[in-house]
There are 2 protein chains.
Amino acid sequence: MKNPIGIFDSGIGGLTVTRQVINLLPSESLVYFGDTARVPYGTKSDRIVREFAWEDSLFLLRQSVKMIVVACNTASAVALDELNRYLKIPVIGVIKPGAKAAVKNTKSGRIGVIGTQATIDSGAYPTEIRKLNQDCTIFSRACPLFVPLAEEGWVTGDVPESAARRYLEPLLAENIDTLILGCTHYPLLKPLLKIIVGDSITLVDSADETALEVKAVLESIGQENSSKQGEYEFYVSDLPRRFEELGIRFLGRAITTVKLAEPWKATSATNFSVVE
Amino acid sequence: MKNPIGIFDSGIGGLTVTRQVINLLPSESLVYFGDTARVPYGTKSDRIVREFAWEDSLFLLRQSVKMIVVACNTASAVALDELNRYLKIPVIGVIKPGAKAAVKNTKSGRIGVIGTQATIDSGAYPTEIRKLNQDCTIFSRACPLFVPLAEEGWVTGDVPESAARRYLEPLLAENIDTLILGCTHYPLLKPLLKIIVGDSITLVDSADETALEVKAVLESIGQENSSKQGEYEFYVSDLPRRFEELGIRFLGRAITTVKLAEPWKATSATNFSVVE
């Protein structure tokens, strides 16, 4: 089926997931939406994140997507169930894949989770991990400054290092052997976090496992694309040029022609000029 | 005139200005709107900040305000001229008052300005300062992490200190004698910034001067309120309880009953239930 896969995030972080989907499924076409006008989601309420997630999803539906990937931990944590309850096409989040990767990796059963305030408050990771293995002990910590640090490009040096030490110390004291990077921005801080947690702790993110789940779901519903090479479209609600510039770091390849879309203006013709 | 003064900000920072307006004009009633669902504004484009500022202003107009105070440096920098061009009631920003306070204070004419990326990129402070005194030399620096640090409550300690040193060093090297805190969040970092800049540099913020301008404009149009004590209403687009809790620190007094409003849903009856 030629229709694209839709992927959305609060901003640019979801490109780390997109990258793995492209690597694993090169023949699939993608439409990405980043809500850069309303980023971040992780400091906001469940109510408002659900509202934004619906608007983002409806925008993708108008692009005739055959599946939606919620490439944002916060939106996955608070809006995924509701989207799946009402939409006919499959909607995949990043929490369950991240939990799966962590459970696969842990030996001691002591797992740390870091993420935005909203993701941590939701308890979504502990819930998913316990569904897979009831014997795991989970230690969670919100790290609100990691998103602005990654967006500012301060991923090494004094400031991110002191912030990371302050956030991670209580988790390290619990002798975890696995740390889930529960936010799609955090892979950018990986080199720094690796130094702070040391060799005995494995850092896991959801990107690889999410791509595997996208593949499995597409196969199960018989909707893989058989074309040679997928096509990629990128939309953001603000600052398209900045997204093109920063996107390379997240996506691992150049992004050309990022277009503007404002999903909260559902009736605006200009927003939906691409509708089939 | 009994109608309230309308004040808006991207979030909670505008309460530092509100505080001074209340102190100076205790008989005036106020309606405050904080756009906590879409905060921050300072990392976003002029285009989107103007759109949000219009929505915020229209919400306040529906509350029958007699004047609007744009208590947000970013929105003042990029949207004030446009609001004033089209609206009949006076619209006051925080940039001009901040510039005035700095020019009053400086002896050497060497003024530093810190603010969000959007405020600094706009060049609004240099423009206003030069209108008042052409001989000033202005050194600007965007400090994108200060807003998340203030919102996280990390206003002392290693992390904000390293961040502040990194941001301020180039300004300190220029021998400024005055530093404008060009963002309504920054007064929360004042004790730390004071230590870093030392006694030879004066920190100025816009709050006092803005309150004075509000008073002057009200008098010039003959619309002061003669009631004994003003009434205060607070609206936010997300997380009203959090606003009540954090607001005390910014406003210097308790805030009761913060209500929800989503100005981007202009047709929603529930948003405008308070309209006369």
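A: Let us begin with a term: helices (H or I, at least four residues) and strands (E, at least two) are DSSP runs, numbered from the N terminus. Please also keep in mind that this is a predicted model.

Q: Okay, where is A:Ser64 found, then?
A: A:Ser64 is found in the loop between H2 and E3 of chain A. Its phi is near 60°, which is a positive value in a residue other than glycine.

Q: And is A:Ser64 buried or exposed?
A: A:Ser64 has a relative accessible area of 17%, and because buried means under 20%, A:Ser64 counts as buried.

Q: Which other residue has a positive phi although it is not a glycine?
A: A:Thr257 is one of them, with a phi of about 50°. A:Thr257 sits in the loop between helix H11 (240-251) and strand E10 (258-260) of chain A, and with a relative accessible area of 55% it is exposed.

Q: Stepping back, how many helices and strands does chain A have?
A: Chain A has 11 helices and 10 strands. Its C-alpha trace spans about 55 × 40 × 35 Å along the principal axes.

Q: What is the radius of gyration of chain A, and what would a compact globule have?
A: Chain A has a radius of gyration of 18 Å, while a compact globule with 276 residues would have one near 19 Å, so the two agree. Buried residues make up 61% of the 276 residues in chain A. Among contacts between residues at least 6 apart in sequence, 76% join residues at least 24 apart in chain A.

Q: What about the surface of chain A?
A: The accessible surface of chain A comes to about 11100 Å², and 50% of that belongs to carbon and sulfur atoms.

Q: New topic: where does helix H8 of chain A bend?
A: H8(A) bends by about 30° at A:Arg166, and a proline, A:Pro170, follows within four residues. The helix covers residues 158-172 and reaches 20 Å from its first C-alpha to its last, close to the 21 Å expected at 1.5 Å a residue. Its buried residues include A:Val159, A:Ala163, A:Tyr167 and A:Leu171.

Q: What does H8 of chain B do?
A: H8(B) bends by about 30° at B:Arg166, and B:Pro170 is the proline that follows within four residues. The 15 residues of helix H8 of chain B should span 21 Å at 1.5 Å a residue, and its end C-alpha atoms are 20 Å apart, which agrees.

Q: How many aromatic pairs are there over all chains?
A: The structure holds 22 aromatic pairs over all chains. One of them joins B:Phe146 and B:Tyr167, which are edge-to-face, at 5.2 Å centre to centre and with 85° between the planes. This pair links distant parts of the chain, with B:Phe146 in helix H7 and B:Tyr167 in helix H8 of chain B, 21 residues apart. Both B:Phe146 and B:Tyr167 are buried.

Q: And which residues are in the cluster linked by ring pairs?
A: Ring pairs link A:Phe146, A:Tyr167, A:Tyr186 and B:Trp154 into a cluster.

Q: Where is B:Thr178, and what is it in contact with?
A: B:Thr178 is found in strand E7 (residues 178-182) of chain B, and it is buried, with a relative accessible area of 0%. Leaving aside its neighbours within four places in sequence, its contacts include B:Ala102, B:Arg110, B:Ile201 and B:Val204.

Q: Last one: which residues does a cis peptide bond join in chain A?
A: A cis peptide bond joins A:Val39 and A:Pro40, with omega about 0°, and A:Pro40 has its place in the loop between strand E2 (30-34) and helix H2 (46-62) of chain A. In chain B, the peptide bond from B:Val39 to B:Pro40 is cis, with omega near 0°.

Note on methods: Residues are numbered from 1 along each chain as its sequence is written. Chains are lettered from A and ligands numbered from 1 in the order in which they are written. This is a predicted model: local features need pLDDT of at least 70, side-chain atom pairs count only at pLDDT 80 or more; totals for chains, interfaces and linings use all residues. Side-chain values use heavy atoms; hydrogens and water are left out. The expected span of a helix is 1.5 Å times one less than its number of residues. The bend at a residue is the angle between axes fitted to the seven residues ending there and the seven starting there. Buried means under 20% relative accessible area, exposed over 50%, partly exposed in between (1.4 Å probe, protein chains only). The radius of gyration is taken over C-alpha atoms; the globule rule is 2.2 Å times the number of residues to the power 0.38. Contact means heavy atoms within 4.5 Å. Accessible areas come from the Shrake-Rupley method with a 1.4 Å probe; for residues, only the protein chains shown count as cover. Rings of Phe, Tyr and Trp (its six-membered ring) pair if their centres lie within 6.5 Å; planes under 30 degrees apart count as stacked, over 60 as edge-to-face and the rest as tilted.
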